[in-house]
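Open the model in your viewer and keep the selection tool ready. We will go stop by stop.

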Amino acid sequence: MPATRQRLEAADVTQVRSVYWRRPAWPTFPRLSADDSRFATAQVRYGLGGTLFALGGPLWVNHPLRVTAADYKPAQLVLAQQLGFTIPPTLVTNDPDEAREFVQAQRQAIYKTLRWTPYTRDGVPVTGWAAPVAPEEIDDSVRVAPHLFQARVDKVADVRVLLVGRHTFAVRIDSDLLDWRKDYSALTYTVEHLPDRVAKGLHAYLDRLDLVSGSFDLAVDRAGDYWWLELNPNGQWGWLETETGLPMSAAFADLLAQGDRR
């Protein structure tokens with residue numbers, strides 16, 4: 001039997017007008033040794049990826065290098081404060097004494113991961129939810145790496161805001177959960193109408209980061225004020241469209257169809 005041949009198609013990347021970069025998986029090489037596989041994967045990532053990233057013409061949604069730069073929580077908080085958003089008192093430290101003092105000073109405090117990473121315990125996948133923390137829980141293990149401690153917002157609801165180009169889609173998420181991601185079945189969704197100053201501030205935030213889309217997490221307190229929590233520059237949004245009927249997919253399609261606006 002003759003060997004099957006695959007036809008490889010070539011693309012002129014200089015003609016690309018827009019790119020939707022949605023967490024692609026880089027190729028792996030399971031038939032190679034571990035060292036050779038790591039070497040080959042790195043060459044693909046920095047060869048193919050570097051070529052794509054160098055393209056000056058397309059509209060990126062979003063450019064991966066801009067996504068990486070925007071994904072640091074301490075820098076996010078500083079920018080949010082500079083733009084006039086209200087942020088919870090926050091401490092990033094690996095000093096257990098500082099951490100205990102900070103947590104003790106708050107009425108209630110939480111711990112959040114600085115970056116989500118794959119993690120298993122006894123072979124079972126686990127994840128780092130935002131969780132309450134008390135001073136007596138903080139021990140010397142904090143010294144191993146930086147930790148993010150934050151005052152807990154006395155919230156009545158969460159708001160997830162998706163920006164797509166100049167479009168703003170805000171969804172109020174009601175639940176009794178500190179971290180609503182823990183149980184999607186416990187959530188209810190309502191279309192939220194943001195104050196103009198909040199919406200403009202979020203768009204200014206993305207402009208400062210050279211992003212055209214992003215998912216923001218806000219909290220609403222009992223006075224109706226909005227607290228800035230964080231940005232996911234490549235966040236999920238599809239389930240919100242299903243739950244609310246907001247035309248998020250159409251907004252992405254329109255944006256990509258416009259292509260490079262220069």
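What volume does the second largest pocket have? It comes to about 650 Å³. Keep in mind throughout that this is a predicted model.

**Stop 1: the pocket**

Select Tyr-111, Thr-113, Arg-121, Gly-128 and His-147. Of the 23 residues that line the second largest pocket, these are the closest to its centre. Next, colour β5 (119-121) and β8. These are the elements that give two or more residues to the lining. Now colour the lining by residue class.

**Stop 2**

Switch to a cartoon view. Find the open sheet of 4 strands, in the order β3-β8-β4-β7. Its pairing is antiparallel. Which strands are at the edges? Select β3 (90-93) and β7 (131-132); each of them pairs on one side only.

Zoom in on β4, residues 109-112. Strand β4 and β7 pair in the antiparallel sense, over 2 bridges. In general, the strands of a sheet pair through backbone hydrogen bonds. Show Tyr-111 again: it stands opposite Ala-131 in β7. Tyr-111 is also one of the residues closest to the centre of the second largest pocket.

**Stop 3: the helix across the sheet**

Select α4, residues 96-105. Which strands does helix α4 lie across? The answer is β3, β4 and β8 (147-151). Look along β3 as well: α4 runs at about 165° to that strand.

**Stop 4: a cis peptide bond**

Go to Val-61 and Asn-62. A cis peptide bond joins them, with omega about -10°. Asn-62 lies in the loop between β2 (59-61) and α2 (64-70).

**Stop 5: two positive phi values**

Select Arg-23, in the loop between β1 (18-20) and α1 (34-53). Its phi is positive, about 50°, although Arg-23 is not a glycine.

Then jump to Asp-210, in the loop between α5 (196-209) and β12 (213-221). Here too phi is positive in a residue other than glycine, with a value near 60°.

Are Arg-23 and Asp-210 exposed or partly exposed? Arg-23 has 46% relative accessibility, so it counts as partly exposed. Asp-210 has 55%, so it counts as exposed. The cut-off for exposed is over 50%.

Key:
Residues are numbered from 1 along each chain as its sequence is written. This is a predicted model: local features need pLDDT of at least 70, side-chain atom pairs count only at pLDDT 80 or more; totals for chains, interfaces and linings use all residues. Side-chain values use heavy atoms; hydrogens and water are left out. Two strands pair if DSSP finds at least two bridges between them. Contact means heavy atoms within 4.5 Å. Axes are lines fitted to C-alpha atoms, for helices over the stretch in contact, and angles run from 0 to 180 degrees between N-to-C directions. Buried means under 20% relative accessible area, exposed over 50%, partly exposed in between (1.4 Å probe, protein chains only). On a 1 Å grid over the protein atoms alone, a cavity is a set of points where a 1.4 Å probe fits but cannot get out, and a pocket is an open set with protein on both sides within 12 Å along at least five of seven lines; lining residues have an atom within 4 Å of a point. Grid points are joined across faces, edges and corners, and a volume is the space filled by probe spheres set on the points.
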